[in-house]
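Here is a briefing on a predicted model. Please keep the sequence and the structure in view while reading.

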Amino acid sequence: MSFVKRYLIPRLVQYILVTFFGLTAVFLFPRFLPVDPIEQQLSQYQTFGVYVSPEQQEEMMNTLKQLYGLEGTLWEQFMVFWKRLFTGNFGPSLSRFPTPVNQVIRNSLPWTIGLLSTTTILSWIIAVLAGGIVGYYRKRWMEALDILVMIIRPVPYYVMALILLILFAYVFPIFPLSGGVGIARGLTLSWQTILSIIKHAILPALTLLIVGISWQFQSMKLIVQIVRSEDHVWYSRTAGVDDRKLVFNHVIRNAMLPMITQLGLQFGSIFSGTLITEMVFAYPGVGWILYDAVMKADYNLIMGIMCISVIAVTTSIFLLDLIYPFFDPRVRYR
Amino acid sequence: MEKVLEVQNLTKVYSVGSLFSRTKITAVENVSFYIKPSEILTLAGESGCGKTTTAKIILGFEEPTSGEIFFEGELVSKKRLKKREFMRKVQAVFQNPFESFNPLITVDDIFFETVYNYGLTRDRDEAIKIIDDKLRVVGLSFEDINGRYPSELSGGQLQRISIARSLLINPSVLVADEPVSMVDASLRMSIVNLFAELKNKVGLSVIYITHDLATAYYVSDRIAIMFRGNIIEMGPVEEVLTNPRHPYTRLLRESIPEADPQRKWSQEITIADIEYEEYLRQGCKFAGRCPMAKEICTRQVPAEIMVNDVMVKCHMYDDSKNEVWK
């Protein structure tokens with residue numbers, strides 16, 4: 001009971017408050033922008049040379065306002081915004097009218113989540129283990145690995161993505177150039193479809209893995225180098241604890257704590273996609289539609305993605321808070 | 001004269017600085033000492049004098065640049081230093097009790113780890129009995145540590161637990177690196193008394209590393225004063241502390257504040273040069289601060305001279321007939 005009272009409730013309140021303010025910011029910022037999306041839309045029609053009578057214009061304006069949720073005072077709009085949020089309806093996408101925003105996001109979110117959750121988890125595990133072992137043992141050949149990472153890490157991501165793309169899709173055409181799945185292949189559940197999805201995902205995943213592993217490897221290695229010379233490691237050694245147990249139970253486990261926090265934060269950002277990866281590989285993820293939405297001033301779609309992203313980040317931090325005491329007994333449910 | 005642990009010409013050189021300007025610092029220089037069974041030897045000196053490095057080398061946590069360690073007359077090779085057989089006989093207690101235990105693992109775990117690793121028993125109940133016995137020596141019981149994390153215990157408790165853990169396997173030498181500097185005064189005395197008791201009862205030898213001359217005087221048999229990696233004076237504690245020969249030992253003696261309102265805390269103390277500079281000094285490292293320094297001190301490293309029972313490393317005693325110094 002005291003767990004609920006002293007641990008869960010304060011964090012739950014915090015979670016709800018942060019989400020509320022985050023979403024309010026998402027609501028407010030576009031309204032402070034000097035561009036009026038409705039006038040923009042109308043002037044667009046006018047530049048096409050369409051004649052619109054004043055009554056029709058009035059009517060169009062009202063319809064658009066309704067679609068954008070821009071009717072009435074700011075307060076009324078705010079209420080509409082929350083109503084839309086709770087019913088999970090962000091209105092139609094404007095660049096893909098009349099497809100609803102929900103559906104646009106629903107189409108691309110699985111791609112992003114599939115790609116990013118795999119690479120995030122995989123790169124984290126590899127980096128923690130490799131960084132831990134290299135940081136602890138510091139053997140000669142391991143230093144070579146360290147230097148390799150040091151060379152790879154500063155390479156700009158898009159350069160590396162392009163190099164890999166040219167190498168493995170053009171010079172040695174092993175993997176497809178772009179897309180999430182083969183052209184003209186419907187998304188039916190068959191082995192061939194799954195194989196095609198995996199084949200398309202390998203290159204983008206590889207680039208994300210390389211980047212993810214290299215910087216996490218370096219931070220893990222640095223933390224381990226500090227932890228390995230802490231007194232409790234020496235003390236455990238005098239207790240006759242063997243080397244392997246020392247590495248995993250005492251060094252890596254302690255060094256992992258900041259890395260767990262880091263993983264939790266990364267998980268939240270999965271839902272907003274990775275713009276550059278998706279652009280270079282023309283991968284149909286959330287980053288790509290967000291870019292598209294910004295370019296086409298697709299208000300509703302931007303709002304939809306932003307809201308999901310805010311909720312994802314706060315939720316993952318909340319979940320992280322809940323699981324953290326399992327890793328660190330100093331943070332207890334009291 | 002039997003020696004349980006002997007250190008001969010131990011030297012440790014660290015290379016510090018950036019890639020382009022490396023300087024070598026000799027943290028421990030030609031240090032030799034021994035400890036007899038059932039004896040407490042104090043290594044004393046200010047912070048940064050190489051006490052802890054010496055301890056770490058003895059325990060095998062650091063590789064010495066040169067020099068040998070003998071255990072019961074047998075050379076301890078670098079490889080064997082890491083092995084359990086050596087650790088079985090030579091155990092350690094560290095300065096900071098809060099850092100001696102892995103914060104993520106319960107305290108009892110390391111006790112069982114020790115019992116099982118050194119093959120005391122395989123049986124859990126028997127292990128608990130062994131652990132409980134040793135904890136009672138320091139005034140605690142198994143119940144106090146069972147399932148507890150280090151963060152749930154106080155510093156004083158942890159330090160006593162840490163000592164009990166080291167004693168589990170009945171070592172013959174205990175290397176105690178500033179074991180009382182982080183605990184409060186009342187507990188300090190009981191820990192120091194515990195060392196004396198163990199020495200008398202089970203013949204434990206303790207290498208007691210400290211900067212606190214008061215407890216050193218109280219508990220130890222012999223004392224070695226270290227300064228910038230060198231042992232500059234070593235001998236029976238009474239003799240060294242009541243009649244200090246080396247100017248540095250005199251300085252240390254004077255720096256002990258006394259509970260006497262009439263006596264002001266000595267004004268003669270020169271603020272130390274930067275540690276680094278002193279380490280790089282040729283000749284006697286103390287020459288820069290020594291009130292009696294002569295020209296020879298900055299040129300030549302003083303030899304180890306025996307004056308009665310006491311070893312002194314100072315040019316003052318080069319030739320006892322030399323009148324210049326008087």
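Two residues are in contact if their C-beta atoms, placed from the backbone, lie within 7 Å. This is a predicted model: local features need pLDDT of at least 70, side-chain atom pairs count only at pLDDT 80 or more, and totals for chains, interfaces and linings use all residues. Residues are numbered from 1 along each chain as its sequence is written, with chains lettered from A and ligands numbered from 1 in the order in which they are written.

**Cores**
- The largest nonpolar core has 88 residues. Y208(B) is among those with the most contacts inside this core, along with V175(B), I207(B), I223(B), A224(B) and I225(B).
- Domain 1 (5-227) and domain 2 (247-257 + 269-326) of chain B each give at least three residues to this core.
- Another core lies apart from it and has 59 residues, including A201(A), A205(A), Y283(A) and C307(A).
- A nonpolar core is a set of buried Ala, Val, Leu, Ile, Met, Phe, Trp, Tyr and Cys residues joined through C-beta atoms within 7 Å. Buried means that 20 or more other C-beta atoms lie within 10 Å of the residue's own, with C-beta atoms placed from the backbone.

**Domains of chain B**
- The domain bounds come from an automatic or database domain assignment.
- The C-alpha centres of domain 1 and domain 2 of chain B lie 30 Å apart.
- Eight residues of domain 1 of chain B are in contact with nine residues of domain 2 of chain B.
- On the domain 1 side, β2 (22-35), α9 (213-219) and β9 (222-227) of chain B give two or more residues. The largest share, three residues, comes from β2(B).
- Helices (H or I, at least four residues) and strands (E, at least two) are DSSP runs, numbered from the N terminus.
- That side has five nonpolar, three polar and no charged residues. Ala, Val, Leu, Ile, Met, Phe, Trp, Tyr, Cys and Pro count as nonpolar, Asp, Glu, Lys and Arg as charged, and the others, Gly among them, as polar.

**Chain A against chain B**
- 16 residues of chain A are in contact with 22 residues of chain B.
- On the chain A side, α9 (231-238) and α10 (243-269) each supply at least two residues. α9(A) gives the most, with six residues.
- By class, the chain A side has five nonpolar, six polar and five charged residues.

**Confidence**
- The model scores ipTM 0.81 and pTM 0.81.

Methods. Buried ≥ 20, exposed ≤ 12 C-beta atoms within 10 Å, placed from the backbone.
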